[in-house]
Amino acid sequence: MKKLIYLLAVAAVIVACNSGNKGYTVTGTVEGSADGDTVFLETVEGRQFVKLDTAVIENGTFTFKGTQDSAVNRYITYKPAGKEGIAIDFFLENGNINIKMSQDEKSATGTANNDIFQGVRVQMDGVNKQMMAIYESMSDTTLTDEQRQAKGQEMDALDKKLIEIAKAEINKNITNPVGILLLKQNFYYLDVADLDPLMPQIPAAYNNDETIIKIKNNVENMKATAVGQKFTDFEMQTPEGKAVKLSDYAGKGKVVLVDFWASWCGPCRREMPNLVDAYAKYKNKNFEIVGVSLDRDGEAWKDGIKKLNITWPQMSDLQYWNSLGAKMYAVSSIPHTMLIDGEGTIIARGLHGDELEAKLAEVVK
């Protein structure tokens, strides 16, 4: 009898283990598809899709089956010849996952992470549709400048709403794969006050994740170079190849504006006339600008300096996003400005346009 009980217990354990590891079944439909069309399960490496599996649509549906050790972000793509393709990203994890794809609506549901992610998708898709409608309306040639400006402000407000959705969902889901993915996709929109409380909550399983390591390093650099801290020195080269340090300008009595930019950066080029005007206005009032370029082509950098009428000091290591200065100051998007007072203390970051002009008027005497 004891042997029978033991065998039944072992069988129960085996069943329990197998029931928890049945693998995944991804079943889906694609609006406008035909039987015989091909659908791909893909991942992204660098900026390229890489095929992992293929399914053929039969009776209007496609199916992928397999097993997965942990939830990972993957894509289902439909790329018919001569037609517009459709793609959806989702979490590949064990369980039954239901995919629906059309040009207007996409959904992935049925498992814990996908249900959470779908809720985020619905929120963001709603805002994106509003933005697209405004964008399309701006092609109306009868709009006045005031109307066009108002629509631009609506777009800016909706853009901020997207960021707020991302922030809220990251905070809510930081201990699961959805929150981690959103963090990796949106960390450059968050400042140190947003990011610092999240770091201890990230599961240990992500300790070796390259992007998470980068984010954690960025947080430490953000804290070291936050407003109120003394500037951190670094050395690069001038366009002529001469070694130069930030300390050659900062901390020597002048208010110094550090401008992180690049010749390939469209928003940087659009912002540059404002800096040219500010330099003309304040350069004789104990004020200096130092440009830190994230260029990787020296000739393009020099050409940008010339064409944009930049007359203030420049420095770069031509390392693109691996720029030493950008890393030390946790710069993840450009243009980015940093204002340093005469004693070397950082007094502002991320100011542009009217905000920058107001701050310069306040601190440059």
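Biologist: Okay, Lys-167 to begin with: in which helix is its place?

Modeller: Bear in mind that this is a predicted model, where local features need pLDDT of at least 70, side-chain atom pairs count only at pLDDT 80 or more, and totals for chains, interfaces and linings use all residues. Residues are numbered from 1 along each chain as its sequence is written, and side-chain values use heavy atoms, with hydrogens and water left out. Helices (H or I, at least four residues) and strands (E, at least two) are DSSP runs, numbered from the N terminus. On that basis, Lys-167 sits within residues 145-173, which is helix H3.

Biologist: And is Lys-167 buried or exposed?

Modeller: Buried means under 20% relative accessible area and exposed means over 50%, with partly exposed in between (1.4 Å probe, protein chains only). Lys-167 has a relative accessible area of 18%, so it counts as buried.

Biologist: Which residues is Lys-167 in contact with, leaving aside neighbours within four places in sequence?

Modeller: Contact means heavy atoms within 4.5 Å. With those sequence neighbours set aside, the partners of Lys-167 are Tyr-189, Leu-190 and Asp-194.

Biologist: Over to Thr-43. With which side chain does the side chain of Thr-43 make a polar contact?

Modeller: Thr-43 belongs to strand S2 (residues 38-45) and is buried, at 10% relative accessible area. A polar contact is a pair of N or O atoms within 3.5 Å; within protein, one must be able to donate a hydrogen and the other to accept it, and residues adjacent in sequence count only if both atoms are side-chain atoms. Not counting residues up to four places away in sequence, Thr-43 touches Gln-48, Phe-49, Val-50, Leu-52 and Arg-74. The polar contact, at 3.3 Å, is with Arg-74.

Biologist: What about helix H4: how many of its 10 residues are buried?

Modeller: The buried residues of H4 include Pro-177, Ile-180, Leu-183 and Asn-186. Their cover includes strand S5 (72-78), strand S6 (86-92), helix H5 (192-195) and helix H6 (210-224), along with H2 and H3. H4 (residues 177-186) is mostly covered, and the count is 8.

Biologist: Now helix H8. Why do its buried residues line one face of the helix?

Modeller: H8 (residues 298-307) has Trp-301, Gly-304 and Ile-305 as its buried residues. Directions taken from the helix axis to the C-beta atoms define the arc. Looking down the axis of H8, the buried residues line one face because they fall within an arc of 100°.

Biologist: Which exposed residues does the face turned away from the buried side of H8 carry?

Modeller: The buried side is covered by elements including strand S9 (235-237), strand S11 (255-261) and helix H7 (266-282). Turned away from that side are the exposed residues Glu-299, Lys-306 and Lys-307.

Biologist: At the start of H8, which residue's backbone nitrogen does a side-chain oxygen of Asp-297 reach?

Modeller: Asp-297 brings a side-chain oxygen to within 2.9 Å of that nitrogen, at the start of H8. The backbone nitrogen belongs to Glu-299.

Biologist: Which residues touch the most other members of the largest nonpolar core?

Modeller: A nonpolar core is a set of buried Ala, Val, Leu, Ile, Met, Phe, Trp, Tyr and Cys residues joined through side-chain atoms within 4.5 Å. The largest has 44 residues, and those touching the most other members are Phe-260, Phe-287 and Tyr-329.

Biologist: How many bridges join strand S1 to strand S7?

Modeller: Two strands pair if DSSP finds at least two bridges between them. An open sheet with mixed pairing has 4 strands in the order S4-S1-S7-S8. Within it, Thr-27 stands opposite Asn-98 in S7. S1 (residues 24-30) and S7 (residues 95-101) run parallel, and the bridges joining them number 7.

Biologist: Last one: near what value is omega for the peptide bond from Ile-334 to Pro-335?

Modeller: Pro-335 is in the loop between helix H9 (324-328) and S14. The loop between H9 and S14 also holds Ala-330, whose phi is a positive value near 50°. The bond from Ile-334 to Pro-335 is cis, with omega near 5°.
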